[in-house]
Amino acid sequence: MEKPAASTEPQGPRPVLGRESVQVPDDQDFRSFRSECEAEVGWNLTYSKSGVSVWVQAMEMDRTLHKIKCRMECRDVPAETLYDVLHDIEYRKKWDSNVIETFDIARLTVNADVGYYSWRCPKPLKNRDVITLRSWLPMGADYIIMNYSVKHPKYPPRKDLVRAVSIQTGYLIQSTGPKSCVITYLAQVDPKGSLPKWVVNKSSQFLAPKAMKKMYKACLKYPEWKQKHLPHFKPWLHPEQSPLPSLALSELSVQHADSLENIDESAVAESREERMGGTGGEGSDDDTSLT
């Protein structure tokens, strides 16, 4: 089958910006995502401490829409363990303190599915949710997991949440040894709202580094946890184990940001609880739920 022409837009890979129909990413999309994870030009370093670095890139056409890139060195964590942690939805409910609800909806191919994720935003902003097509690809000793937003007829936007749009989000995991790796998280998300500047600053200076460190702690505890919770069940490695129903691509459509309600939260001030490090502060890094 002839491949569609690549997008001429510089903002991101083809799945959203170069296609009007929903398609499972191909090798070119994965290569494009990897190149963007490794790119340096046009990115502004905003945080670098303890093996975690964060860069931000503001889109020229929309200065309120940012890309964020985080990179973390993971000692004592093999690449394949980090890959498992990112896939294991039951374990995510244990370590991801931002998650409200997450579940897989359906399987598209052996390396692509559709899922739902809702998360808490810094108070007093409204919480967000997203429906995404997720795909993954082992590349030798490295791995890529990436997603973009789609519309599913059975999961329309909810009144109690703001439906955000993942233009392109994902992870590049690169092995640096038998028991070490580097992970790069790249996110270009339209939060569907004119967000105040403090949110963008807090995301790059505090929330993103904290999330990466929490992920690292979760990786260290995963082998022990997995031994107690269906140790051989890994449908991301063994597609025949997947309990998900199959879904045709024709049932989905690309989620365009302009079709969703835009929420103006630009004047919302940060709550005193958030400033003092309450619910999203360092004090919430309790790992007791990981056992």
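**Exercise 1.** Find which residue in S10 stands opposite Leu172.

*Solution.* Start with the labels: strands (E, at least two residues) and helices (H or I, at least four) are DSSP runs, numbered from the N terminus. Go to S10, residues 180–190, and you'll land on Thr184 opposite Leu172. Now zoom out: S9 and S10 run antiparallel, joined by 11 bridges. Strands count as paired if DSSP finds at least two bridges between them. A hairpin of two residues connects S9 to S10.

A quick note on the source: this is a predicted model, where local features need pLDDT of at least 70, side-chain atom pairs count only at pLDDT 80 or more, and totals for chains, interfaces and linings use all residues. Residues are numbered from 1 along each chain as its sequence is written, and side-chain values use heavy atoms, with hydrogens and water left out.

**Exercise 2.** Sort the lining of the second largest pocket by residue class.

*Solution.* The tally is 12 nonpolar (Ala, Val, Leu, Ile, Met, Phe, Trp, Tyr, Cys and Pro), seven charged (Asp, Glu, Lys and Arg) and four polar (the others, Gly among them). As for elements, S4 gives the most to this lining, with three residues.
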